[in-house]
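Please look over the sequence and the model first.

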Amino acid sequence: MASGSLNEDPGLFGPHSILWRVNRESAVTLAGTCAILMQFAHPKVAAGVRDHSRYQVDAVGRLRRTLDLTLAIVFGPRPAALEAVRAINTRHRSVRGPGYSATDPDLLLWVHATLVFSAIRGYRALVGPLSDAEADQYYQDTKAIGVLLGIPREIYPGRMDAFDAYMQGMIDSREVAVGTEARRMADLVLRPSFRGVPRLAFAPLSVITAGLLPPALREGYGLKWGRPQRAAFAACRTALPRVVAMAPGAVRLLPPARQAYRRLRLRAA
């Protein structure tokens, strides 16, 4: 935990944690769209996004803001991490409407679970191996973040096998199911509109997202998953970890992670 100046403050977790190891990787951010689409598939989450965000004109912005705050919690010195927590909690208190509230612990758990699921899947597919024990430790460590964000520890599934059962149960029960609103929002996330950039340029992102999503949600979004898409995803799984392994830290690691290592006068292992 923190002691001394902010320059010596390892934050809430520190450089030897599995959270730093996974969340520092730029390649893992490619799994962010998987998390966002899984969140949209919950109709109450989709309603909150529809009613309280600018997703129609800034779909990518929601993903970026979520990522920025998450990285501040993981890599920031303790005061910055807790400030990010306060910012999220303040925002959540204002997001409510007919049948939903962003402070609902069950909705918070689903949103949090999508981030855990996508980070683990993304790391394994695009960076390198992660043992079952390491994945479970990652999950256990993220509970500390969830508690700060209002998720009672007792409603969390115990270990990764129970976590996987929870995720599958939410989909099998159709509590989470892709609706019309979710498909409309997903299209804006997967094929954003940038001046001068053809939407076709984002096709690789759709392939990666389709490969990471649970099959039922992939089908619900109507994402293609034929032989060409499976081959393209397999190629990503083969090539990207090799690129990551050779990339210098300035490319491989996200800026907040690089700043955190510099703050502690450490080199990334």
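The model is predicted: local features need pLDDT of at least 70, side-chain atom pairs count only at pLDDT 80 or more, and totals for chains, interfaces and linings use all residues. Residues are numbered from 1 along each chain as its sequence is written, and side-chain values use heavy atoms, with hydrogens and water left out. Helices (H or I, at least four residues) and strands (E, at least two) are DSSP runs, numbered from the N terminus.

**Helix H2 and its burial**

- Helix H2 spans residues 32-40 and is mostly covered, as nine of its nine residues are buried. Buried means under 20% relative accessible area, exposed means over 50%, and partly exposed is in between (1.4 Å probe, protein chains only).
- The buried residues of H2 include Gly32, Thr33, Cys34 and Phe40.

**H2 against H6**

- Two packed helices are described by the angle between their axes and the distance between the axes.
- The axes of H2 and helix H6 (residues 105-126) come within 8 Å and cross at roughly 150 degrees. Axes are lines fitted to C-alpha atoms, for helices over the stretch in contact, with angles from 0 to 180 degrees between N-to-C directions.
- H2 and H6 are therefore roughly antiparallel to each other. Angles under 35 degrees count as roughly parallel, over 145 as roughly antiparallel, 65 to 115 as roughly perpendicular and the rest as oblique.
- The crossing of H2 with H6 is right-handed. A crossing is right-handed if the near helix is turned clockwise from the far one by less than a right angle, and left-handed if anticlockwise.
- On the H2 side, Cys34, Ala35, Met38 and Gln39 meet Trp110, Val111, Thr114, Leu115, Phe117 and Ser118 of H6. Contact means heavy atoms within 4.5 Å.
- This contact of H2 with H6 has seven nonpolar, three polar and no charged residues. Ala, Val, Leu, Ile, Met, Phe, Trp, Tyr, Cys and Pro count as nonpolar, Asp, Glu, Lys and Arg as charged, and the others, Gly among them, as polar.

**H2 against H9**

- H2 also packs with H9, at an angle of about 165 degrees and with the axes 9 Å apart. That angle makes H2 roughly antiparallel to H9.
- H2 and H9 have a right-handed crossing.
- Thr33, Ile36, Leu37 and Phe40 of H2 meet Ala182, Met185, Ala186, Val189 and Leu190 of H9. By class, the contact of H2 with H9 has eight nonpolar, one polar and no charged residues.

**H6 against H12**

- The axes of H6 and helix H12 (residues 227-246) come within 7 Å and cross at roughly 80 degrees. H6 and H12 are therefore roughly perpendicular to each other.
- Arg124, Ala125 and Leu126 of H6 make the contact with Phe233, Arg237, Leu240, Pro241 and Val244 of H12. The residues of this contact divide into six nonpolar, no polar and two charged.

**Aromatic rings**

- Rings of Phe, Tyr and Trp (its six-membered ring) pair if their centres lie within 6.5 Å; planes under 30 degrees apart count as stacked, over 60 as edge-to-face and the rest as tilted. By this rule there are six aromatic pairs.
- In one of them, the rings of Tyr139 and Phe163 have centres 4.8 Å apart and planes at 45 degrees, so the pair is tilted.
- Tyr139 lies in helix H7 (residues 132-148) and Phe163 in helix H8 (residues 160-172), so the pair ties together parts 24 residues apart in sequence.
- Tyr139 is buried at a relative accessible area of 1%, and Phe163 is buried at 3%.
- Trp20, Phe75 and Tyr261 form one aromatic cluster.

**Single residues**

- Leu108 is in helix H6 and is buried, with a relative accessible area of 9%.
- Not counting residues up to four places away in sequence, Leu108 touches His92, Ala102, Thr103, Leu149, Gly150 and Ile151.
- Arg174 has a positive phi near 70 degrees, though it is not glycine. Arg174 lies in the loop between H8 and helix H9 (180-190) and is exposed at 61% relative accessible area.
- Arg265, also not a glycine, has a positive phi of about 60 degrees. Arg265 is in the segment after helix H14 (255-263) and is exposed at 64% relative accessibility.
- Glu8 is in the segment before helix H1 (18-23) and is partly exposed, with a relative accessible area of 44%.
- Glu8 and Ala260 are 252 residues apart in sequence and 9.8 Å apart in space, C-alpha to C-alpha.
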